[in-house]
Amino acid sequence: MTSIRRLLHGFQRGALYALSLSFSGDRCRWVYGEIERQERLSFKSIHASGGCELSLAPSDDALLTSASLQQAMNSSLAQLPTTLTRPSYAVISVPSKHAYLGEISVNKDERENLIRYQIQELMEAAAGSSEREAAFDWQVKSELSDGSTSLAVAGIDQKQVDEILVACQACGLTCLGVTLDSIAAMNGYMQMAPDTLKTSNIRFLLHGELSRHRIRLAVFSQGVLFNESLEHSEEGFSVVQAVSALERLVSTWARDGAPEEVASVRLILGGELMYTKGCEATVRRSQTLSPRLVIISPRKELQAYWHDDVVPFGALEAMPCE
């Protein structure tokens, strides 16, 4: 598919508008606004946001179908005030469980076609007997002492990308890119983070998602998703149970190799339970979480549902797959 990097060169002068959608279970959240075109894309301004439920929700690890995607896009477009310009572009963030994350080492000046060949081999090995083709992209993770470069790789099932492209075409939208919800969320929070956090010597950024039925810890290093762990509950977590579950995930990760200096690790919280009275206060009382905690103020246009809308808001700047 066409990625943001290619479309950047094809943009015309004048205001351009995008609809960014994120999916989780049977829910979709969307953000609409004007695109700002600098080194990376981001929302210059937000004019509307909202959500809808999918009538054809995927079960467990099933992919999002073009019918579900098209329903969500049409519902989102119908919710836009008639005074707003219809968006030309769409950005989609999908659950990270649908993706493969890894890394490869290449020579510093390796040709792009050779990098693609290595990643294709990696994706084929990851697919195993399923032999499912993957759409993929990469970004530099670090420069190594031997002169080589470590690349972070993200791959999404090509069938999922195809379903997204079909839905976008049916709705008259050009797909700018596909990304993962965990990466999009961190990008959204970091856009609003204080400068002191952005310039601090932080080795790991943690994103703790406190949801009713799922607690997720995503660990980022140098802007790249490094590790991810989960706890589930069919009955649903209370605030105390959710915080305890996140404490376990953070403690397990810390025991397995996190740096000893607490100052080099920062924790950002999100998820629907953050709207629950007493949630933030409970986290602040946690000896495991509180020393690492950073509270990030919401984008002013998204204050009402910040922890829901941060994913589609951040997806525009997140790494696309192509």
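1. In the hairpin formed by β1 and β2, two residues lie between the strands, and G25 adopts a positive phi near 65°. Strands are DSSP runs of E with at least two residues, and helices are runs of H or I with at least four, numbered from the N terminus.

2. The model is predicted: local features need pLDDT of at least 70 and side-chain atom pairs count only at pLDDT 80 or more, while totals for chains, interfaces and linings use all residues. Residues are numbered from 1 along each chain as its sequence is written, and side-chain values use heavy atoms, with hydrogens and water left out.

3. Strand β1 (residues 17–24) pairs with β2 in the antiparallel sense over eight bridges; pairing requires at least two DSSP bridges between two strands. Here S20 stands opposite V31 of β2.

4. Strand β3 (residues 41–53) and β2 are antiparallel, paired over 11 bridges.

5. Strand β2 (residues 27–37) is largely enclosed by the rest of the structure, because eight of its 11 residues are buried (under 20% relative accessible area, 1.4 Å probe, protein chains only).

6. Leaving aside residues up to four places away in sequence, the contacts of L21 (heavy atoms within 4.5 Å) include W30, M73, I92 and P312.

Technical notes: Buried means under 20% relative accessible area, exposed over 50%, partly exposed in between (1.4 Å probe, protein chains only).
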